[in-house]
Each structure stands twice: as C-alpha cells, then as structure tokens.
Amino acid sequence: MENKELWQSVLGDIELQISRPNFLTWLKNSQLLEKNEREGVVLVGLPNNFAKEWVKSRYHKLILGSLRNIDGSIKNVDYAVLSQGSAHAVIVQGKKARPQEPVAAEEPQPPLIELKIDPRTNLNPRYTFSTFVVGSSNELAYAASQAVVKDVGKKYNPLFVYGGVGLGKTHLIQAIGNEISKEYKNSVATLYVSSEKFINDVVWAVRNKRMEDVKKKYRDIDVLIIDDIQFIGGKTATEQEFFYTFNTLYENNKQIIISSDRPPTAIPTLEERLRSRFEGGMIVDVEYPDYETRLAILKTKLQEKGSLVDDHILEQVATRVQKNVRELEGVLNKIIFYQQYKNEKIDTKKLEEIIGEAVQVTPKNITANDIIKAVADFFEVSPSDMLNRGRKQEVVQPRQIAMFLMRDILKLSYPHIGERLGKRDHTTAIHACEKINKECSQDHGLNQKILLIKERLFKM
Ligand code: ADP
Ligand code: MG
C-alpha cells in the first residue's frame, strides 16, 4: 500500500475514535512521510512542534495500533515537524527527508531560503550573530555568547541560555557555533544537537549495544551545543550519559552550550548533580523583546528575504505581536505572501486578519471552567464526569490534574477546588495536588502532558 493510502486509512480509523475538534486540530494536517521497511518505522509529519508533541503524547498508541492493524510489519512511529513555509523539505534530526507529496497547506507559503544544514556540525548557517537583533531583552545573553566565541571552553562554561518559546534561543546558540566554525575553521570541532536527537542516539545505542559509538561521537568534540535540554530530564539512561559526556568535556576544557525553556532550578525532573553543574557556569535569559527590538527584527528579516513592506505596516505588526519572535516572523511572511504572490494590498482589515491567524491570543483570564475543559479535552473524558462525585476510573487522574492546575495557575483555595470538582473535601484537593506535583517530578510523560495542557490553556 502506498504511504498516502496507508495514512488515509489510519486517519479514517482514528477519526472515528476521537472527537471531531481534536481530529481537525491535531491530525487533519498530518502526513506519513516515510516508511522504513527494514526497521518497520513510520515517520509522521506534523505542521509544528506543538502539534508534534501533542500528537506524540496524546495519540501515539492510537496511531501505532491503527497502523499495525493495517500493516503488521510496522513496529514503531516517529514524529517530525514539517518545516515552516516549505512544503517539501522536512528536517528530521538534521537530515532531510522527502515527503511523497507536498503538504496540503491551507494556502501556499512564500518560499523560504533553502536551508543547508552543515552535516558535520549540524548547524544551520541562517543563524548568525549578524542577523540577530540585540535589545535590552537579550543583550546579556548576546554578550555572553560572544564572550564564549573569544574564549572557547574557558570563560563561561557551560553557557546556559533560557527563555520562552520563540525568543531566539536556538538562533543565538547556533550563532555561537557558526561563529566558532568561521573563526577557528576545522581546528575546533563543533556539534549542535537537539536534546531529542541526543535522546534518540542514546536510546538507539542502548538498544543496539553501540554505546561506545555514541560516547565517541559526543566526547570527541570541542564545542557541544545542546538545544532544549528540558526534554532530557527524567530519562535515566539519557541523563546519565549526558552527565558523563558533560563531565568528560568539561574536564577537558571543552565548551558546552545549553538552551532550555526555563532555568535549571525549574526543570523538576533534572537530576541534582546535573543541575548543580549547570549552575556552576553562566546562566543568562532572553526575555520578550520591546517594541524597538521587535521593529528592528522585522526590518532585519525583511532584508534577509529581500522584500519590501511599508514602514507603517511593520510598525503595526511590531505593536500588535509582542510575545514571540517566531510569530512576528510568521506575520511578516504572510504579509509578503499576500503582497507579492497574490498582489493584494495590505490594509488594516487584512492586517488584522493575518495577525488573527498567526498569533496566539495573549493569555486571557483563565477560569476554573477553562481548566476543566482543557483537561477533559486532553484526556477525552466528559467534563461532567470530572465534576460529579462518581468514581469512574478514567476520570480519576484527569480530575486530580485539574485540581493541580487550579491550584497552580489560579491559586484557588483547597476548599474551593474540592467544592468545584464534585463537592469534595479540601483534604482530597490537597492530596491530589501533592500527588500530581510529586508524580510530575518522577514521570516525564505526565509532566509533558501537563505542560501541553497548560500551553493549550494559554493559547485558548
Ligand atoms: P527559540 O529557540 O527561543 O524558541 P528561535 O531561536 O527558534 O527561538 O527563534 C524563532 C525565530 O525568531 C527564528 O527565526 C529566529 O531567527 C527569530 N529570532 C528570535 N530572536 C531574534 C533576534 N533577536 N533577532 C533576529 N531574529 C530573531
Ligand atoms: Mg529553540
């Protein structure tokens, strides 16, 4: 069976098993990119990282089950992000995979500059210091990054960069790598990896008894850049391997550069010894850019793309899109697309429409009901089952998670939380919150689910 047909059957199957809105939101734009016949692994592409994480954590079993029903030779499923803008190229762990057919995107996207990732370093040449706009939100991180280039392995080691989504962490840490490659040529071996890639390597090595290969790969380099380290926490074998790699490199004065969406202290699953290593280096954050920085970023991106957009439009965009540089860029891409490829004039109404499509609404006032609904949606249980006193097994954990989130996000009192979820006693609420809190630090999967629900909530 062709990949496309196979995926169509899987989707048809899944559509019957999950709610319509969830299906449309998460799976409608998915694709089967590759089927590795030899290993029995299927690669599924999702439009963005968020959808990827969500589908992986929420629907993996369903997808695998359905695939196997149709094709018994399939053993596992991997997930990848369909690369932004380009319907053809998909970046999978630094390699390119080719989907069979272009993504059925809602609308064509402007072509992006073809990415040529250096196979040796895994760095994307697009991310340089010269294209990174510096403002008060990121000047410390920028200065520390530059200092690392001057004094590789000596001054700020490890360098730990943290901050919210889309604020330039990946750009900055890759810029360090690119600058080092430029300055020191081949005399300094640099390697950039996502923590996902690192995890995959370790898991593969454990499975295939090839740990020596992995050790060699990671310990023979001079500059190790590892992105989104928060995902490593809680995976024992991986964390241990990372710890040894870290120590070996560190003791040999090799440079380590790490990014994360939060500071080391806030990664609950991270082993203490690793956390204290991180804290021994330089920790810098990137914050939301201010208006001037946002405008400068827009102008820089415009120049990179070689396009023209009126200043007053750029100003409006900079005013309206505040929380995420990736979204800023997304809006700009759409504007260029409408102007250049559709010859449309961008007036205020059109601009609002574009912004509305591209930007997540800034967190509104989240209510207890929103939390209940988001949790119920995630676990596909009925909110009313969560709210009543019944003891249905499938709502026990969702109910506890809802209690935990009400405490965590809304700071509601325990009696109030108990009351809301089935008129329960405040001790039940305390117990639920403590239990989830504790389990979160031990169970990476649970932690991930809660993060996804939270992200969803903030985007609702
Ligand atoms: P993060 O890794 O923090 O989620 P990225 O580094 O992927 O964010 O940044 C998202 C997009 O925004 C990238 O295209 C990046 O080039 C751009 N970007 C973020 N910050 C800046 C900046 N200060 N100057 C220029 N581009 C930026
Ligand atoms: Mg990143």
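I started with the aromatic cluster: Phe160, Phe198, Tyr218, Phe242, Phe246, Tyr250 and Phe278 form one. This is a predicted model, where local features need pLDDT of at least 70, side-chain atom pairs count only at pLDDT 80 or more, and totals for chains, interfaces and linings use all residues. Residues are numbered from 1 along each chain as its sequence is written, chains are lettered from A and ligands numbered from 1 in the order in which they are written, and side-chain values use heavy atoms, without hydrogens and water.

Next I looked up the aromatic pairs, and the structure holds 15. Rings of Phe, Tyr and Trp (its six-membered ring) pair if their centres lie within 6.5 Å; planes under 30 degrees apart count as stacked, over 60 as edge-to-face and the rest as tilted.

Trp54 and Phe378 are edge-to-face, because their ring centres are 4.7 Å apart and their planes at 90°. Trp54 sits in helix H3 (residues 49-70) and Phe378 in helix H14 (residues 368-379), so I have a link between parts of the chain 324 residues apart (helices are DSSP runs of H or I, at least four residues, numbered from the N terminus). Both Trp54 and Phe378 are buried, meaning under 20% relative accessible area with a 1.4 Å probe, protein chains only.

Phe198 counts as buried at 0% relative accessibility, and Tyr218 does at 1%.

Last, I looked for charges over rings (NZ of Lys or CZ of Arg within 6 Å of the ring centre and within 35 degrees of the ring normal). Arg58 lies over the face of Phe378, 5.6 Å from the ring centre. I also found Arg273 over the face of Phe243, at 3.9 Å.

Methods
Helix = DSSP H or I, 4+ residues; strand = E, 2+ residues; numbered from the N terminus. Buried < 20%, exposed > 50% of the residue type's maximum accessible area, 1.4 Å probe, protein only.
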